[in-house]
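This report describes selected features of one protein structure. Please consult the sequence and the model while reading.

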Amino acid sequence: MSPQARAIPAPQPTPDIQPFYDAAAQGKLLVKKCAACGERHHYPRAICPFCFSDRTEWTEASGRGTVYSFSVMRRVPVPYALAYVTLEEGPTMMTNIVDCDFDAIRVGQKVKVVFKPTEGGPPVPTFTPA
Ligand SMILES: [Zn+2]
């Protein structure tokens with residue numbers, strides 16, 4: 001049985017990050033790619049964390065990834081699973097695993113993105129077993 005859904009606080013995007021949330025509202029997951037070195041990264045930054053180039057651009061990710069690590073927060077009113085998911089494209093993002101039995105989550109498990117509404121803000125990417 002799926003646990004109760006947790007209310008997610010609204011993110012407060014800065015102008016730099018706004019395209020990420022605009023895309024999320026359309027069900028698309030974006031990651032930044034560096035035009036200089038070709039590396040993709042997340043969280044989105046204006047400057048490439050690998051080579052410090054400012055030639056970063058938005059690219060759409062597949063939304064597929066694997067669980068790198070996770071922790072189930074149980075000592076809160078509505079338990080939730082906090083995780084790092086490594087995207088197919090390479091970057092690892094901090095996120096939540098949702099819509100599943102938390103006891104069944106495993107490191108290395110395949111997951112896919114699912115966007116969840118927030119309290120008065122843009123939707124955020126979370127992941128569910130693929
Ligand atoms: Zn770079």
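In what follows, buried means under 20% relative accessible area, exposed means over 50%, and partly exposed lies in between, computed with a 1.4 Å probe and protein chains only. The model is predicted, so local features need pLDDT of at least 70 and side-chain atom pairs count only at pLDDT 80 or more, while totals for chains, interfaces and linings use all residues. Residues are numbered from 1 along each chain as its sequence is written, and side-chain values use heavy atoms, with hydrogens and water left out.

| Residue | Relative accessible area | Class |
|---|---|---|
| Cys34 | 1% | buried |
| Cys37 | 35% | partly exposed |
| Thr56 | 16% | buried |

**The zinc site**

The zinc ion has as protein donors the SG atoms of Cys34, Cys37, Cys48 and Cys51, at 2.3 to 2.4 Å; donors are N, O and S atoms within 2.8 Å of the metal (3.2 Å for Na, K and Ca), and water is not among the atoms, so sites may look incomplete. Along the chain, these donors follow the spacing C-x2-C-x10-C-x2-C. The angles among the four donor atoms are 105 to 115°, and the site is tetrahedral, a term that requires all angles of four donors to lie between 85 and 135 degrees. For four tetrahedral donors, the ideal angle at a metal is 109.5 degrees.

**Thr56**

Thr56 belongs to strand β3, residues 56–60; strands (E, at least two residues) are DSSP runs numbered from the N terminus.

Definitions and conventions. Four donors count as tetrahedral if all angles lie between 85 and 135 degrees; four count as square planar and six as octahedral if opposite donors are over 155 degrees apart and all others between 65 and 115; anything else is irregular. Helices (H or I, at least four residues) and strands (E, at least two) are DSSP runs, numbered from the N terminus.
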